[in-house]
Amino acid sequence: MPGEGYRILLGCRRRSEALRACRLTFDQIAGVFALDHQVSPLRLYRYAHGRTAGDVVAAYNDLDPAGTATLRAARFYDYEAWPQAGRRPGAGAVAIFARVYQTTARRLVTDEVYASYGVRDRDLIDRADHRHLDPHYRREVSAPAIAGTKGTKALPPLVPAPTLCADLLRAVGAEEADVKRRELLFELALVLGGTPALGLLRHLTPPERERLAAAARHRGPIDAATIDVLERLTARLWAMDEASGPRQVLPVAEAKRAMVDDILKRGSLTPALRERLLRVYWSLCHMTGWCYYDLTDYMSATRRYQEGLAAGYELGAPALLAHLHGLMADMAIFQGKPTMAIDHAFAAEGWAKNSGNALQQAATFSIVARVLSNTRRDGEGLRMLDRAVRLADSSRNGAELRHLFWLEPDRIARHAVFCLIKAGQFDRAMAEVEQRLAKMGAGSVRVKSILQLEYATVLIKKQEIPAAATMIDKAAQAVVGHSSTRLVHSVRQTRARLTPWEGNKYVQDLDERLRSLTIPV
């Protein structure tokens, strides 16, 4: 390393150590250093960590998921020099650097560099968030707006405030270079809930954006191609929810639901197009209800589910009615309302049988199995679940409903863990969890964490406290990048079962870790 560069690094290292002693995060320290050093974000973060290029290259190669990284110092310096010189790092490399520097990948690239990446690469950069690795990082926690509850924070309004509009303008500038396309993208993002909508809109072609904007402005009739766009965006919202949780998704889904509702009330539609659009409206009620439930705002979730039921009745679609009743039964279980859960479960079972659709019956019977296991110990829940798995397996090549895109036998069978725990069959429950976790990919964030918490519950029942504390810790890691309040509640609920062992060192270490993740214990 040249002498001047090493002198700068040593000075930054001393300042960083002093700032870390004041509990500043690496993001904050990089912001301070940016006042004095006009260099790329990658170099700023290296200064904030006080690391040499050799240190960073070694850490990078150790973290490469494929285990084949061969990054060299010369190439690393090229990355740091970009865009003034050198070479642009790939999006995958930026994501790995984000983990090395315990930050988000988006902070490691300027707006100019971010705009130069393709659609999928920007999605990858947006998702890479490793701030939880910084011990000084404190996750912002805000509860959803619940009527009559003190201390709750409302979700962003559908029409963003001026400051949010300014943030949106900057984000749109990074997304789109062409001035006219930028104006259209800004208009659409405003209609669809603000900055979070950009992650969806970037996947549309310019003609598709024009078509969507025309629908929002009520210019011209709604055609099948426009409804195709609306359906595709809804499917992408589900992917966003699985990856990052409801807080990013809900403003967009609510804005889109309001837009579709407005089109249904004002638009001139053929019967076939109206039915398709009404199904889009149902799916958005389904989604917003699910998001509110995930934020533990049960009143809002119930209201959206009931609006979805009204749409299902208008469509005359028993499968859609069965699905929402099943979700309301599941929500009632989580709230500790078994009688309400039974009511919705029986309604869901009746509508599912009436639908004649084996996939919907599989999804519904899995919820009924949970309700039965929650209230009875005679094994009927497990028998119902076996029936659901068989239906899902035999129907995989049949006609699928859009809202059951996720359904496969393994996703149904995971409910067996809940049923086995309720039945007191702990050894079978452990074997089932291990089998399910071994098959899960990195994308199943929320489901994987719930399974880990159920595993921890079994370990506590068997008084294997160190293993239980470790499993709760693993599940809690998902809380950092995911905004599910329900997941946080489940972590706290499982930790509460360790109360008799609060003096245990493993439990104390777990509590410290949970506090660092801003999870009250």
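In this predicted model, the axes of helix α16 (residues 298-315) and helix α17 (residues 318-335) come within 9 Å and cross at roughly 160°. Because angles over 145 degrees count as roughly antiparallel, α16 and α17 are therefore described as roughly antiparallel to each other. The crossing in which α16 passes α17 is left-handed. On the α16 side the contact is made by Y298, A301, T302, Y305, Q306, G308, L309, G312, Y313 and L315, and these meet L320, L321, L324, H325, L327, M328, M331, F334 and Q335 of α17. An α-helix has 3.6 residues a turn, so residues three or four places apart point the same way, a rule that can be kept in mind when reading such contact lists.

T296 lies in the loop between α15 (271-294) and α16, and its phi is near 60°, a positive value in a residue other than glycine. Most residues other than glycine have a negative phi, and most peptide bonds are trans. With a relative accessible area of 17%, T296 counts as buried, because the cut-off for that class is under 20%.

From α18 the contact draws on P338, A341, I342, A345, A348, E349, A352, K353 and S355, while α19 contributes Q360, Q361, T364, F365, V368, V371, N374 and T375.

Helix α19 itself spans residues 358-375, and its 18 residues reach 25 Å from the first C-alpha to the last, close to the 26 Å expected at 1.5 Å a residue. Most of this helix is covered, with 15 of its 18 residues buried. Its N-terminal end is capped by N357, a side-chain oxygen of which lies 3.0 Å from the backbone nitrogen of L359.

Where does Q452 lie, and which residues does Q452 touch? Q452 belongs to helix α24 (residues 445-461), and, leaving aside residues up to four places away in sequence, Q452 touches L437, M471, K474 and A475. With A475 there is also a polar contact, in which the backbone nitrogen of A475 lies 3.5 Å from a polar atom of the side chain of Q452. Q452 is buried, with a relative accessible area of 9%.

In the loop between α5 (73-81) and α6 (91-100) one finds P83, which is joined to W82 by a cis peptide bond with an omega of about 15°. L517, finally, is found in the segment after α28 (505-516) and is buried, with a relative accessible area of 3%. Between L517 and G350 there are 167 residues of separation in sequence and 43 Å in space, C-alpha to C-alpha.

Conventions:
Residues are numbered from 1 along each chain as its sequence is written. This is a predicted model: local features need pLDDT of at least 70, side-chain atom pairs count only at pLDDT 80 or more; totals for chains, interfaces and linings use all residues. Side-chain values use heavy atoms; hydrogens and water are left out. Helices (H or I, at least four residues) and strands (E, at least two) are DSSP runs, numbered from the N terminus. The expected span of a helix is 1.5 Å times one less than its number of residues. Buried means under 20% relative accessible area, exposed over 50%, partly exposed in between (1.4 Å probe, protein chains only). A polar contact is a pair of N or O atoms within 3.5 Å; within protein, one must be able to donate a hydrogen and the other to accept it, and residues adjacent in sequence count only if both atoms are side-chain atoms. Contact means heavy atoms within 4.5 Å. Axes are lines fitted to C-alpha atoms, for helices over the stretch in contact, and angles run from 0 to 180 degrees between N-to-C directions. Angles under 35 degrees count as roughly parallel, over 145 as roughly antiparallel, 65 to 115 as roughly perpendicular and the rest as oblique. A crossing is left-handed if the near helix is turned anticlockwise from the far one by less than a right angle, and right-handed if clockwise.
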